Amino acid sequence: LQVGCGAGNTVFPILQTNNDPGLFVYCCDFSATAVDLVQNNAEYDSSRCFAFIHDLCNEQSPFPMPDESLDVVILIFVLSAIHPEKMQRVVTRLSRLLKAGGMILLRDYGRYDLAQLRFKKGQCLSDNFYVRGDGTRVYFFTQDELHDLFTTAGLEKMQNLVDRRLQVNRGKQMTMYRVWIQCKYCKPAAPQ
């Protein structure tokens with residue numbers, strides 16, 4: 001399951017490069033427009049993929065797959081858009097979808113990323129949680145915060161690292177310090 005699939009920039013490469021006949025990819029987004037883009041893409045194959053609209057924060061909104069049925073859940077810059085008070089419930093709910101040995105893969109904003117440092121006064125909603133000009137929200141994580149969210153949901157750490165990058169925009173003569181966190185957390189195998 002890829003949560004926050006957008007236009008399919010992760011889903012379609014997975015479908016193109018993985019020839020496993022047993023592969024089936026679920027993908028969802030809060031935006032009906034994004035889901036329409038995925039479903040209307042020439043690469044969309046309903047025998048290998050199912051795109052659906054889903055609000056992660058609505059606990060009454062069911063997933064189209066049963067609990068303990070997924071090998072992987074992918075969250076790329078998704079958790080940071082959720083209100084901090086709702087993050088634990090979202091992670092716990094997603095962890096229930098995993099089979100024993102299944103994992104959540106996350107890439108998201110780290111504390112003191114350039115995007116955080118650029119926010120102006122008045123855009124801060126609470127500690128490390130901001131509102132962008134377009135009304136979307138963004139949270140900037142520490143490794144410990146993510147570790148606590150995943151372990152509280154019963155998952156075990158496989159990877160939790162900070163990816164710091166210096167990006168240079170030569171056209172604008174600008175250097176940008178990016179800070180992202182990348183995590184892999186696994187659902188433990190059932191005790192024998």
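Asp163 and Arg107 are joined by a salt bridge in which the closest N and O atoms are 2.8 Å apart, a salt bridge being a side-chain nitrogen of Lys or Arg within 4 Å of a carboxyl oxygen of Asp or Glu. Because Asp163 belongs to strand E9 (residues 156–169) and Arg107 to strand E5 (residues 98–109), the pair ties together parts that are 56 residues apart in sequence; helices (H or I, at least four residues) and strands (E, at least two) are DSSP runs, numbered from the N terminus. The model is a predicted one, in which local features need pLDDT of at least 70 and side-chain atom pairs count only at pLDDT 80 or more, whereas totals for chains, interfaces and linings use all residues. Residues are numbered from 1 along each chain as its sequence is written, and side-chain values use heavy atoms, with hydrogens and water left out.

Asp163 is buried, with a relative accessible area of 13%, and Arg107 likewise counts as buried at 18%, where buried means under 20% relative accessible area, exposed over 50% and partly exposed in between (1.4 Å probe, protein chains only). Arg107 and Asp163 also take part, with Arg165, in a network of salt bridges. The structure holds 6 salt bridges.

A further salt bridge is formed by the side chains of Arg111 and Glu145 (2.8 Å, N to O). Since Arg111 lies in the loop between E5 and helix H4 (114–117) and Glu145 in helix H5, this pair ties together parts that are 34 residues apart in sequence. Arg111 is buried at 16% relative accessible area, while Glu145, at 25%, counts as partly exposed. Asp113 forms a salt bridge with Arg178, with the closest N and O atoms 2.7 Å apart; the pair links distant parts of the chain, with Asp113 in the loop between E5 and H4 and Arg178 in strand E10, 65 residues apart. Both Asp113 and Arg178 are buried.

Helix H5 (residues 143–152) also packs with helix H3 (residues 84–96), their axes coming within 8 Å and crossing at roughly 45°. The axes are lines fitted to C-alpha atoms, for helices over the stretch in contact, and angles run from 0 to 180 degrees between N-to-C directions. H3 is therefore oblique to H5, given that angles under 35 degrees count as roughly parallel, over 145 as roughly antiparallel, 65 to 115 as roughly perpendicular and the rest as oblique.

Strand E10 (residues 174–186) contains Tyr177, which is exposed, with a relative accessible area of 53%.
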